[in-house]
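Please read this briefing alongside the sequence and the coordinates shown below.

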Amino acid sequence: MAYRTRRAGAALLGGALIGVLACEPAAPGYGEPPELDHSRWEPVALTAEVVTDSEFLALPKEVEVVGPYLTLIDAAADSVITVVRRATGELVRTFGRRGEGPGEYSGAWSIEPVPGSENAIWIYDFSLLRLTRVSLDRTGRAGQPATRMVHLSSEVIVVDPVWVDSTVMSLGLFSSGRLAQFGADGRLIRTFGSLPPGDDEIPPAVLQHAYQSKLKANPSRTRLALATRHADRLEIYRPDGRLVAAPPPLFGFLPKFEIREDDGEPAMATGQDLRFGYIDLTTTDDRIFALFSGRTRRGFPGRANFGEYVHVFDWDGRLLSVLRFDSDALSISVDPSGRTLYAIRHDPRPAILAYALPAPPTLVRLGSR
């Protein structure tokens, strides 16, 4: 049974519903401290180089490395997609009007590079349940930059679809299963994996919303990483749906919410003590980089969904190191060589930042924690 339509779910995932905080499921440590302490992991401090803070940036919310480019979703710009040259920070082009037609976007949510390509991307619109393939070398020409569109067949909201060979793997507000698999034509094939932990009385779609997560594949598409937005929970899957690892959380907090009715349907409601966990994710074939907040809404008004720490794991779920940025970041993406992390900041002005990463041999493998 679908507990929420895709348009209503889109509003919820966009943060429109704020309710009274509740205690079920409960987790210790809520409210205080306003930000979780990472000192025991001896974070490696990183200093940013500004790629660009030019005025063409409005309020970018996602960055993705695509060959020589940085491709952004910009929530407040005239065009939805912004393409910047990685080496210089110069604006290459913008495209994507707001709307529901070809080449238009109503709720642009994520960008995924097309495997093996340096100039093609998939843009996912969660309001339209539509994947659009775009060739960046065509967007500056007259005519339609979209080369293919795939509509996902689902009655509920679907988030973070990732192409794995000829199928699409995705998270969503499904009534069963943690992940879903869609065919190349958008047809739902199956759901798999266990629902997140919670009381049996919690409707599955509400539970899925509470455990809203980010999904990323490694470049070779042999593993999938899933990091939870309101908990410090990481899961690693094979493309066939088998769970590979679920490492012990660093802090051990769960989403804090209550169930409310919205238009006669059960919905998730949260309050000022809600703590943010993993807010973005990027990968190489040997490492997972998970941007972490650890902040409560009350402690960081308007900034709880930003973070300055990056937890680095291998694909067996072992924590390799903790990195610390010198600015709050909203989104991250790693270059194919694994040498540079790119990040989006909003304050003191919107900018794309570049952080040089320590070489993998110097990363300290931490002991028991």
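Two strands are said to pair if DSSP finds at least two bridges between them, and the elements named here are DSSP runs numbered from the N terminus, namely helices (H or I, at least four residues) and strands (E, at least two). This is a predicted model, in which local features need pLDDT of at least 70 and side-chain atom pairs count only at pLDDT 80 or more, whereas totals for chains, interfaces and linings use all residues. Residues are numbered from 1 along each chain as its sequence is written, and side-chain values use heavy atoms, with hydrogens and water left out.

**Sheets**

- Strands of a sheet pair through backbone hydrogen bonds, in either a parallel or an antiparallel sense.
- Strand S19 (residues 234-237) and S20 pair in the antiparallel sense over 2 bridges, and the bridge partner of Ile 236 in S20 is Ala 245.

**Salt bridges**

- Counting as a salt bridge any side-chain nitrogen of Lys or Arg within 4 Å of a carboxyl oxygen of Asp or Glu, the model has 21 salt bridges.
- Glu 35 and Arg 295 meet through their side chains in a salt bridge (3.2 Å, N to O); the pair links distant parts of the chain, with Glu 35 in the loop between helix H1 (6-13) and S1, and Arg 295 in the loop between S24 and S25, 260 residues apart.
- With buried meaning under 20% relative accessible area, exposed over 50% and partly exposed in between (1.4 Å probe, protein chains only), Glu 35 counts as partly exposed at 22%, whereas Arg 295 counts as buried at 1%.
- Glu 35 and Arg 295 also belong to a network of salt bridges that links them with Arg 303, Glu 308, Arg 324 and Asp 328.
- Lys 216 and Glu 112 form a salt bridge (2.8 Å, N to O), which joins strand S17, holding Lys 216, to strand S9 (residues 108-113), holding Glu 112, across 104 residues.
- Arg 221 also forms a salt bridge with Glu 112, the closest N and O atoms being 3.6 Å apart; Arg 221 lies in the loop between S17 and strand S18 (224-228) and Glu 112 in strand S9, so the pair ties together parts that are 109 residues apart in sequence.
- Lys 216 is buried, with a relative accessible area of 6%, as are Glu 112 at 9% and Arg 221 at 12%.

**Surroundings of Thr 71**

- Thr 71 is found in strand S4 (residues 69-74) and is buried, with a relative accessible area of 0%.
- Leaving aside neighbours within four places in sequence, Thr 71 is in contact with residues including Glu 62, Val 83, Ile 111, Ile 121 and Leu 136, where contact means heavy atoms within 4.5 Å.
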